[in-house]
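Here are some notes to read alongside the model, taken point by point. Please keep the sequence and the structure in view as you go.

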Amino acid sequence: MDDDTLMARTAKGEEAAFRFLVQRWEQGVLAFLIHMLGSVEEAEDLVQDTFVQVFGKAGKYEGQGAFKSWLFRIAGNLARSRLRRRKVLRWVQFDTSEHDVPGADKGPLDHLEQKETESRVRQAVAALPTRQRQALVLHRFQGLKYKEVAAAMETTVPGVESLIQRAMAALRSDLAGKGELS
Amino acid sequence: MKHVTKKLQAFVAGELSGAERQMVSDHLGQCPACAAQEVETRQLWDLLGEATAPSFDQSDSAWPEIQARTFGRQEGTLLYGGGLWSKAGIAGAALAAGLALAILLPGNGAADKALADESGASWGSSFWLDEQSDAGLSEMWLALADEGSDS
């Protein structure tokens, strides 16, 4: 069942439809918010707030296939609002150990090295200006197309292109300095 | 030869249309500078792909909390006057209204005495409840207040 149908049924008060929608999207929203906020705990709080807002606005939703952009616009606005209050991004290293399993072709040392690389990349992403980070995370990590990112961020496709280009340039400079790029 | 530097990011991300993609691809075949930059861009793009946030299993779902804040709230609320009033809120309002009326409305000696006897307090005969008051009204509001505080 597509997202628009689930939203229409949610608007009619159908709990099962809303539950299905939450379970379909909560991981994506959580991952996005972790990258935006740098804190699993805060991200988990905002996942709840995001879906409570989705529920509250279900009656007004006229997405016509753009649910993903609409959802991430809500989550992004909440994240930016939280960051404004916090002023300075506090990156809390999240523990992924219980979720990560070393690949069959990789030994423990490779795995450790990979985790260190991931950590450095996450920190570099976290250091980006908020809008660059938002555009990059939505595009690269959440798989949104430029057009969808533009809708989620209420900007234009060239605007998104520019944000992502600048984000990539900053990351290249940051990570090359840390020896992650040749 | 016009370089395609500005198109490389979109090229690597698969965001270019067919014609644009072909144009960039053709250029990369002839321009070592742009080709080197394309490799660099792709390397960073792939590196980013390894740094996605961890996935969580369904047992970590936030659904119970979300449900409590959406459908759970609906069950425990009444639509009243265009806004959501919780049962506790209505009970509190009833208690406050009861007390306010008990203060404002005249009391009754017999009812006040009964109340004073039951609670062991002397406020039933105080200025809060007038000796000349209507028994029915004060009893009704006090009963409502009790009901509100119980719920």
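1. How much accessible surface does chain B have, and what share of it belongs to carbon and sulfur atoms? In this model, which is predicted, the accessible surface of chain B comes to about 9100 Å², and carbon and sulfur atoms hold 58% of that area.

2. As for the fold, chain B is built from 8 helices and 2 strands, and when it is read along the sequence these elements follow the pattern α-α-α-α-α-β-β-α-α-α. Chain B has 151 residues, of which 30% count as buried. Among the contacts in chain B with a separation of 6 or more, 53% are accounted for by residues 24 or more positions apart.

3. Turning to the interface, the contact takes 44 residues from chain A and 35 residues from chain B. Between them the two chains bury about 3900 Å², with 62% of this area on carbon and sulfur atoms.

4. On the side of chain B that touches chain A, the elements giving two or more residues are α1 (5–12), α3 (32–49), α4 (63–69) and α5 (71–75) of chain B. Of these, α3(B) gives the most, with 9 residues. The residues on this side of chain B divide into 14 nonpolar, 12 polar and 9 charged.

How values were computed: Residues are numbered from 1 along each chain as its sequence is written. Chains are lettered from A and ligands numbered from 1 in the order in which they are written. This is a predicted model: local features need pLDDT of at least 70, side-chain atom pairs count only at pLDDT 80 or more; totals for chains, interfaces and linings use all residues. Side-chain values use heavy atoms; hydrogens and water are left out. Contact means heavy atoms within 4.5 Å. Buried area is the accessible area (1.4 Å probe) that two parts lose on being put together, summed over both. Helices (H or I, at least four residues) and strands (E, at least two) are DSSP runs, numbered from the N terminus. Ala, Val, Leu, Ile, Met, Phe, Trp, Tyr, Cys and Pro count as nonpolar, Asp, Glu, Lys and Arg as charged, and the others, Gly among them, as polar. Buried means under 20% relative accessible area, exposed over 50%, partly exposed in between (1.4 Å probe, protein chains only). Accessible areas come from the Shrake-Rupley method with a 1.4 Å probe; for residues, only the protein chains shown count as cover.
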